[in-house]
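Open the model in your viewer and get ready to select residues. We will go stop by stop.

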Amino acid sequence: MFEKKRILILILFIVFGFTLESCSNSDDRQLKVRIACFPNLTHSQALVGMAEGQFQDAFGEKIQIEWKTFNAGPAEMEALFAGEVDIGYIGPIPAINGYVKSGGEFQIIAGATDAGAILVSRKDLHIKDIKELDGKKIASPQFGNTQDLVLRHILNENGLKDTTKGGSVQIIQVENPDIKMLLDKGDIDAALVPEPWGSRLINEIDANVILDYDKVYNKGRYSSALVIARTEFIEKHPDLVKMFIETHVQLTEYINENNDTVKKILNDQIKKLTNNSIPDDILDVSFERLVITNDPEKVSISDFIKIAKEVGFIEKEPDIEMLLNTNILNDVLKQSGQSEIK
């Protein structure tokens, strides 16, 4: 009898121990925020906040930040789909595509960067009018990404079309390092590329600027990087999302007021993450072509949705009022005395 009681007590202790461990693990998960970004200049708030610890300071000791870095939007979206990321810095096209594919599992909660891309031609080709691109071969980094859609918009605005749509302009997708080689050899005529690649093409192979960052689209007021969050995370942890947005807004202001200091922080962080830094002269010019902002630029997102549907990148247009959630951002901006986002 005594032995049976000992065994029963032992079993209860084991079960109780597993229960405590399970609760502890659950608490650990609840106290962890997974934030994603790219080692790119367009994700400046994330990189500075990662390097200087502003996000961690805002969350405090009880909240653990797990940083995740990616090199492309599709990889980050896969992590978001899998529930491995809570908040992420990402381009507008992956954000739109992810929202459509997931049926609304993510929302855009803030802007991060505008512009940052230029249209260039090879050194022996001087284009004075976009219509002169008729019959030319133009490269973009990836089908359906921001630069690709902006390029198609530019062509459409000037009465030109891609050859796949019955037009005369051949658009090809080439990775940024290979664009440099092809443009230098004359195998392509022009390219629409993000920074710092645009500045590199100008400096290293004497590419000509056809349209600078503020001429490419809407005077540079178009989103090239956004902040998105899982809808479930926003609903469960609005307090944490607000802390994040407050810090993001503060970092935006800090970056815009301290360019020289920030550029060094960014370059050091990019080198830490990629083992490569950006030459100072390229960094200086590249940064001038970026607009660091909180505004997600609703008009540009709406335009990107239409263009993405037209070129077949998405099957249906999402409701932008559901995709774009600026409630927390506007609350933070209002409290800090700044203008709300319309």
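Which residues of α5 are buried? Select them: Pro92, Ile93, Pro94, Ala95, Ile96, Asn97, Gly98, Tyr99, Val100 and Ser102. Buried means under 20% relative accessible area, exposed means over 50%, and partly exposed lies in between, with a 1.4 Å probe and protein chains only. Helices (H or I, at least four residues) and strands (E, at least two) are DSSP runs, numbered from the N terminus. Step just past α5 to Gly103, which takes a positive phi of about 75°.

A word on what you are viewing. This is a predicted model, in which local features need pLDDT of at least 70 and side-chain atom pairs count only at pLDDT 80 or more, while totals for chains, interfaces and linings use all residues. Residues are numbered from 1 along each chain as its sequence is written, and side-chain values use heavy atoms, with hydrogens and water left out.

**Zoom out**

Show the whole protein. Its secondary structure comes to 15 helices and 11 strands. The C-alpha atoms fill a box of roughly 95 × 45 × 40 Å, taken along the principal axes. Of the 342 residues, 51% are buried.

**First sheet**

Select the strands β2-β1-β3-β10-β4-β11. In that order, these six strands form an open sheet with mixed pairing. Two strands pair if DSSP finds at least two bridges between them. Now look at the edges, where β2 (64–69) and β11 (290–292) each have a single partner strand, so one side of each lacks a neighbour in the sheet. On average, neighbouring strands here are turned by 25° against each other, direction ignored. Axes are lines fitted to C-alpha atoms, for helices over the stretch in contact, and angles run from 0 to 180 degrees between N-to-C directions.

Next, pick β3 (residues 87–90) and β10 (residues 223–230). They pair in the antiparallel sense over four bridges. Click Ile90: its bridge partner in β10 is Leu226.

Stay with this sheet for β4 (residues 106–115), and select Ala115 in that strand. Ala115 is not a glycine, yet it has a positive phi of about 60°. Its relative accessible area is 2%, so Ala115 is buried.

Now select β7-β6-β8-β5-β9. These five strands form an open sheet in that order, again with mixed pairing. At the edges stand β7 (170–173) and β9 (208–211), each with a single partner strand, so one side of each has no neighbour in the sheet. Neighbouring strands of this sheet are turned by 30° against each other on average, direction ignored.

Highlight β5 (residues 117–121) and β8 (residues 190–194). They run antiparallel, joined by five bridges. Leu119 has Leu192 in β8 as its bridge partner.

Which helices lie across β5 and β8? Show α7: it lies across β5, β6 (137–140) and β8, running at about 150° to β8. Then show α8, which lies across β5, β8 and β9 and runs at about 130° to β8.

Move on to the loop between β8 and α8, where you find Pro196. The peptide bond from Glu195 to Pro196 is cis, with omega near 10°.

Select Thr252 in helix α10 (residues 238–257). Thr252 has 4% relative accessibility, so it counts as buried. Leaving out residues up to four places away in sequence, Thr252 touches Gln45, Ile292, Thr293 and Asn294. Contact means heavy atoms within 4.5 Å.

Next comes Lys62, in the loop between α3 (54–59) and β2. Is Lys62 buried or exposed? At 70% relative accessibility, Lys62 counts as exposed.

Asn275 has a positive phi of about 70°, although it is not a glycine. Asn275 counts as exposed, at 66% relative accessibility.
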